[in-house]
Amino acid sequence: MLRLFGFPRRYRTAATLVSVLATTMVGVAAAAATASITPTCQWQALSLTGGWTSEEGAYNTGDPSFCVSNQIVYLSGSVAQTGSGSGTVFAQLPQVAWPSSTMYLNIYTRYGAPGVLRISTDGVMSAYYGNATGFTSLAGISFPVAGAATTPLPLTGGWGSAASQYDTRDPAVLVTGDAVHLEGSPETQPGNLFTHLAPLPPDAVPANEARIPSYAYGGLLGELTIGSGSGEVFASGGGTTGFTSLAGVTYPPAAATAYGRCHQLVRSHLPGRHLLPRRLLIIQRAYGRRLRSGARRKWGGRRALIVPG
């Protein structure tokens, strides 16, 4: 039987309901979607180093792997470090999957603690903070490859680019099919009360307001709010003024297909990583979120497991 990462028995019925909800929505949406919705590339295994190993055998999450499709790199699977291992580096992506700049992303680690995934311009990947050595999920992470045709974001409200200071890149956006991908890192002066970062181009505006966790200065957990009407991007939470990472932030635009709208529903009501054609997805921060049916499930921040199909 799969472990639910300490999910109490009294909450497992709720977890099952969420699994059924997501599985049903994905199945219905898939019938209406085109073949271009999911990555058309072949998943390839990551070569692990530093004593890091796959957690597929323990949690049925899939071996750590990657694929590249339509200028986007997708990651999947999970890793952990054995007692004899050392260091935070666990793998290196091949050149075809390198990002255009250093990326900092929030990730799920053991017991739900937020950790950090750092991907350098040569594809070296490091996991740290939280309980990364005990369990690090790569599920749903995606980002544009180096050289992808991104559009710069015009920063406002006293915000500027942190690219030169942290070897990241200027904030930018890329729209591919049913997904919007943000990149880069803005910052502002301490005490700046303006949380508005930038407006998005019309094709990158979501159908519904999106609230997405993001990496903030020092590994803190910030939040991005993306308006559905104006397409404005706002940053909030500790550390966001010092550094806010847009790397790995992905959501469906308003013009998304049925699959994209399903994706938006799952992310809006049960925040976590977006769905990819893998077996299991860990959903985080489900506390007090309302399902479309109107039923409220207060799960105390516990995790549920969803089977996308």
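Which strand holds E187? E187 belongs to strand β16, which covers residues 186-187, where strands (E, at least two residues) and helices (H or I, at least four residues) are DSSP runs numbered from the N terminus. The structure is a predicted model, in which local features need pLDDT of at least 70 and side-chain atom pairs count only at pLDDT 80 or more, while totals for chains, interfaces and linings use all residues. Residues are numbered from 1 along each chain as its sequence is written, and side-chain values use heavy atoms, with hydrogens and water left out.

Apart from neighbours within four places in sequence, E187 is in contact (heavy atoms within 4.5 Å) with a set of residues including W159, S161, Y166, T241 and F243. For E187 and S161, which are 26 residues apart along the chain, the C-alpha atoms are separated by 6.0 Å.

Strands of a sheet pair through backbone hydrogen bonds, either parallel or antiparallel. Here two strands pair if DSSP finds at least two bridges between them.

| Strand pair | Bridges and sense | Opposite residues |
|---|---|---|
| β2 and β5 (residues 78-81) | 3 bridges, antiparallel | S54 and V79 |
| β4 (residues 72-76) and β11 | 3 bridges, antiparallel | Y74 and S142 |
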